[in-house]
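Reader: Could you walk me through this structure, starting with one residue and then moving on to how the chains meet?

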Number of protein chains: 2
Amino acid sequence: MREDIYPTRKSDEPRLQKREDPTVWSEWHADAPLSREQTESYRKNGFLFLPGLFQGQELHTLLAESSRLRSSGQGLEPESVIAEKDSGDIRSIFNLHRQSETMARLFSDRRLAEVARFLLGDDVYIHQSRLNYKPGFRGQPFYWHSDFETWHAEDGMPRMRALSMSLLLTDNKGFNGPLMVMPGSHETFVQTVGETPDDNYKSSLREQKTGIPDNDSLTKLYETHGIETPVGPAGSLLIFDCNTMHGSSANISPLPRSNAFVVFNAWSNRVQAPFAAAKARPEFIAARENAQPLKAELAPA
Amino acid sequence: MREDIYPTRKSDEPRLQKREDPTVWSEWHADAPLSREQTESYRKNGFLFLPGLFQGQELHTLLAESSRLRSSGQGLEPESVIAEKDSGDIRSIFNLHRQSETMARLFSDRRLAEVARFLLGDDVYIHQSRLNYKPGFRGQPFYWHSDFETWHAEDGMPRMRALSMSLLLTDNKGFNGPLMVMPGSHETFVQTVGETPDDNYKSSLREQKTGIPDNDSLTKLYETHGIETPVGPAGSLLIFDCNTMHGSSANISPLPRSNAFVVFNAWSNRVQAPFAAAKARPEFIAARENAQPLKAELAPA
């Protein structure tokens, strides 16, 4: 039987387990795409926030592309478009790097891809990408979770050697339902309870119900690590480890919240059969057949 | 027919109307219970936040009483206890000043009642009081509203000569669903659309559906005024005008949020027949027969 060092959704009791993998897989060096302080902060906290990384014309191009994608919907794969549970508003467009050249260029920009290569110490490929849009007034919360828990259970990602980047396409304020993280929580794996239902992704992209950490585990993590809410202008970049506990509250403000989201996985960490699901999720959620190592790209987006 | 200078729930079209009443009804003087700066800030913003007003043994007594009330439930009027929609957890205990001597003493403390007398320029009475508890993990949002809109429509409060005070009984952090206010919004009355259903209060105390401002009005207020989130430790006091637009987001953090809440109304502004409802709400929500002017109380709580 295949070894599973991060068992989850297999026991009746939740359990906290120490992480078995490094967070930063390279030695820092003077030519690294992050400073020594940034690298250490990421290692310690499991996330790094770079305010205002994209600005001016570059940002304008990304905002225009985001707007075009959300408003036309034309030519998009229907299954890649996820609507808000109550209102029907578009909440996410998956497979973004295969449906938009502008976004593909963004994700292979060295400010993103080169940082991912450095932190993961390997060639990288895009495991998942999407455009997220949380509307104002009635935007729903997204509950606490570790992405790795899902990717391990449902996609068969073997080790914690992946990370996410979220490029803000609207201002993130404290009041418009921004992403909240528990700094340092990436060092603990929360084994969750409950088997994965068949075709779980069809509902879990709207509201996750399996792989949810229990209240006691969340309380322990909170008491140890607290909660931080990185906020900043459109064009800021949030980088976070695959196992960092995160979630977002409702958005009752009139200000929507949007970001372009990409998951880089180490080439050596490509997905296998799911560790806790009967069937793998489709390609548009978790690249498998289509995985290709990103080429080093030095030109700006 | 009785004059209604703040018509609401009567037209098919929402409308923004300029406030016709002062916010501060006294001239400031050197013996006033607020400084000149505090008074001007309240007049301009429609709220005033006093961090750490209660501390030490005083605060401890209030926290212990809050805990006792929520845990025993014994001897409380059943209709005064409101449970969270999904979980059944206690969300509010109304008629607090008639069910707890400690809380009655708090509300008549000069740091609260004397400030209310000064700002409203009149004797005051308690229109409503309650203990609020928003649990962690799955605490629901409370959508934007002006309290006056409801008090006018459903309780028959004639003029904007009332204010609320919320004494924090837990720390208010940015991440645990704290009250959000639109500073300056108290100068605009948002006429809402839709008739008041019979016995509306039975559901509206959990989730308000009538008297809700429309998206366009909220967007206009937001663009003019923005949103502020007063945060601070348990023992802080938030004072806000009856017409200040406010709401709170969900609370997915493990940290619950609780406060003791009291509405002071000017004695000269006592409630009449409702302006937009068939029947007045019961006494435990809106004092009518039981209204009594608060005695000046100089001893600390």
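Reader: Which residues is B:Ile239 in contact with, leaving aside its neighbours within four places in sequence?
Author: This is a predicted model, where local features need pLDDT of at least 70, side-chain atom pairs count only at pLDDT 80 or more, and totals for chains, interfaces and linings use all residues. Residues are numbered from 1 along each chain as its sequence is written, chains are lettered from A and ligands numbered from 1 in the order in which they are written, and side-chain values use heavy atoms, with hydrogens and water left out. Contact here means heavy atoms within 4.5 Å. On that rule the partners are B:Tyr42, B:Gly46, B:Phe47, B:Leu48, B:Leu50, B:Val115, B:Leu119, B:Leu163, B:Ser164 and B:Met165.

Reader: How many Å apart in space are B:Ile239 and B:Tyr42, C-alpha to C-alpha?
Author: B:Ile239 sits in strand E10 (residues 237-241) of chain B; strands are DSSP runs (E, at least two residues) and helices are runs of H or I (at least four), numbered from the N terminus. In sequence, B:Ile239 and B:Tyr42 are 197 residues apart, yet the spacing between their C-alpha atoms is 8.3 Å.

Reader: Is B:Ile239 buried or exposed?
Author: Buried means under 20% relative accessible area, exposed over 50%, and partly exposed in between (1.4 Å probe, protein chains only). B:Ile239 has 0% relative accessibility, so it counts as buried.

Reader: Now the interface: which three residues supply 32% of the area that chain A buries against chain B?
Author: Buried area is the accessible area (1.4 Å probe) that two parts lose on being put together, summed over both. Chain A and chain B bury about 2100 Å² between them, with 69% of it on carbon and sulfur atoms. The trio that gives more of chain A's part than any other three residues is A:Phe137, A:Phe175 and A:Ile252.

Reader: How many salt bridges does the rule find across the interface of chain A and chain B?
Author: The rule asks for a side-chain nitrogen of Lys or Arg within 4 Å of a carboxyl oxygen of Asp or Glu. Across this interface, the number found is zero.

Reader: Which residue of chain A comes closest to the rotation axis?
Author: Superposing by least squares on the C-alpha atoms of residues with pLDDT of at least 70 in both copies, a rotation of 180 degrees with 0.0 Å of shift along its axis brings chain A onto chain B (RMSD 0.0 Å). The two copies are thus related as by a two-fold rotation axis. At 2.7 Å from that axis (C-alpha), the closest residue of chain A is A:Ala250.
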